[in-house]
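Please report on the model shown here.

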Amino acid sequence: MAVSSILRDSELIFWRHLATGSDEHQPKLKLYSYWRSTCSWRVRIALNFKGLKYEYIPVNITKGEQHNPEFLKLNPIGYVPVLVDGDLVLSDSSAILLYLDEKYPQRPLLPTDLKAKAINLQIANIVSSSIQPLQNVSLLKYLGEKFGPEETLPWIKHHIGNGFVALENLLKDYAGRYATGDEVFLADLFLAPQIYSYTTRFNLDLTQFPLLSRLSEAYSQVPEFQNAVPEKQPDNPSSGTS
């Protein structure tokens, strides 16, 4: 396969995720992903909820594999995730999620109510445009090189914390068991990886964010979320398969 050169330092892993109720004749999707990428993580959750089979093709962004020519043919900006569905090659998690919801309408990611749909899109955009980019590997690497590695964690705590304050204030008017009620929708797919990353990757405390903490606990009880966590991905260094 053409992507083999992308993964120079490890054997290419094809990890087929099977979900109950999937059609065995369904064309197989391909997801180019990195185990710890919150953007890839959102898509993994959606694929799980929709019961879609897919091949997991790892791209190690810490080794710069996203900049290899073969991968740049798939996504010229060099980011994961990338979804391949037949002859369609699509990057950017938001675009992928909206595409999946239109193409595979089972288990909708957006509510039918217009106001609820708008709030879900607002929350998703707060995370994707105002929070997550501030913890990108490339940005944290630059900060560490420019100002010293000891500056990266205060940066995360300040900027991600500010975003969480905004989310707490917004969500208090809409949250039920999950972000916008008692069903999982798009907002939850963006929130779960962001919260988990804050507490697990950066070892920061959620005490001052009680609503986000409660949502995190709710997500931990849902198999579709838990099967998408970084620790369960085949390219997780501790998995023994990468």
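Buried means under 20% relative accessible area, exposed means over 50%, and partly exposed is in between (1.4 Å probe, protein chains only). H3 spans residues 93-103. Helices (H or I, at least four residues) and strands (E, at least two) are DSSP runs, numbered from the N terminus. An α-helix has 3.6 residues a turn, so residues three or four places apart point the same way.

## The start of H3

Asp92 caps the N-terminal end of H3. One of its side-chain oxygens lies 3.0 Å from the backbone nitrogen of Ser94. Asp92 sits in the loop between E5 and H3. Its relative accessibility is 44%, so Asp92 counts as partly exposed. Its phi is near 80°, a positive value in a residue other than glycine.

## Asp85 in strand E4

Asp85 belongs to strand E4, residues 82-85. Is Asp85 buried or exposed? Asp85 counts as buried, because its relative accessibility is 6%. The Asp85 side chain makes a polar contact with the side chain of Lys103, at 3.1 Å. A polar contact is a pair of N or O atoms within 3.5 Å; within protein, one must be able to donate a hydrogen and the other to accept it, and residues adjacent in sequence count only if both atoms are side-chain atoms.

Set aside neighbours within four places in sequence, and Asp85 is in contact with Leu29, Tyr99, Lys103 and Tyr104.

## The loop between H3 and H4

Gln106 lies in the loop between H3 and H4. Its relative accessibility is 34%, so Gln106 counts as partly exposed. Which residues does Gln106 contact, leaving aside neighbours within four places in sequence? They are Lys50 and Leu52. Gln106 and Lys50 are 56 residues apart in sequence, yet 6.0 Å apart in space, C-alpha to C-alpha.

Arg107 is found in this loop too, between H3 and H4. Arg107 has a positive phi of about 50°, although it is not a glycine. At 27% relative accessibility, Arg107 counts as partly exposed.

## H4 against H6

Helix H4 (residues 114-131) packs on helix H6 (residues 152-171) at an angle of about 170°. Their axes are 10 Å apart. That makes H4 roughly antiparallel to H6. H4 contributes Gln122, Ile123, Ile126, Val127 and Ile131 to the contact. H6 contributes Ile160, Gly163, Phe164, Leu167, Leu170 and Leu171. These residues divide into 9 nonpolar, 2 polar and no charged.

Axes are lines fitted to C-alpha atoms, for helices over the stretch in contact, and angles run from 0 to 180 degrees between N-to-C directions. Angles under 35 degrees count as roughly parallel, over 145 as roughly antiparallel, 65 to 115 as roughly perpendicular and the rest as oblique. Ala, Val, Leu, Ile, Met, Phe, Trp, Tyr, Cys and Pro count as nonpolar; Asp, Glu, Lys and Arg count as charged; the others, Gly among them, count as polar.

Phe71 lies in helix H2. Phe71 is buried, with a relative accessible area of 0%. Phe71 and Tyr32 are 39 residues apart in sequence and 9.2 Å apart in space, C-alpha to C-alpha.

The loop between H2 (69-74) and E4 holds Pro81. A cis peptide bond joins Val80 and Pro81, with omega about 5°. Most residues other than glycine have a negative phi, and most peptide bonds are trans.

## Whole chain and confidence

The chain has 9 helices and 5 strands. From the N terminus, the elements run β-β-α-β-α-β-β-α-α-α-α-α-α-α. Of the 242 residues, 50% count as buried. Among contacts between residues at least 6 apart in sequence, 69% join residues at least 24 apart.

The average pLDDT, the predictor's confidence in each residue from 0 to 100, is 87 for the chain. A score of at least 70 is reached by 85% of the residues. Over residues 1-22 the pLDDT is below 50. Beyond near neighbours in sequence, this stretch has 53 contacts in the model.

Residues are numbered from 1 along each chain as its sequence is written, and side-chain values use heavy atoms, with hydrogens and water left out. In this predicted model, local features need pLDDT of at least 70 and side-chain atom pairs count only at pLDDT 80 or more, while totals for chains, interfaces and linings use all residues.

Technical notes. Contact = heavy atoms within 4.5 Å.
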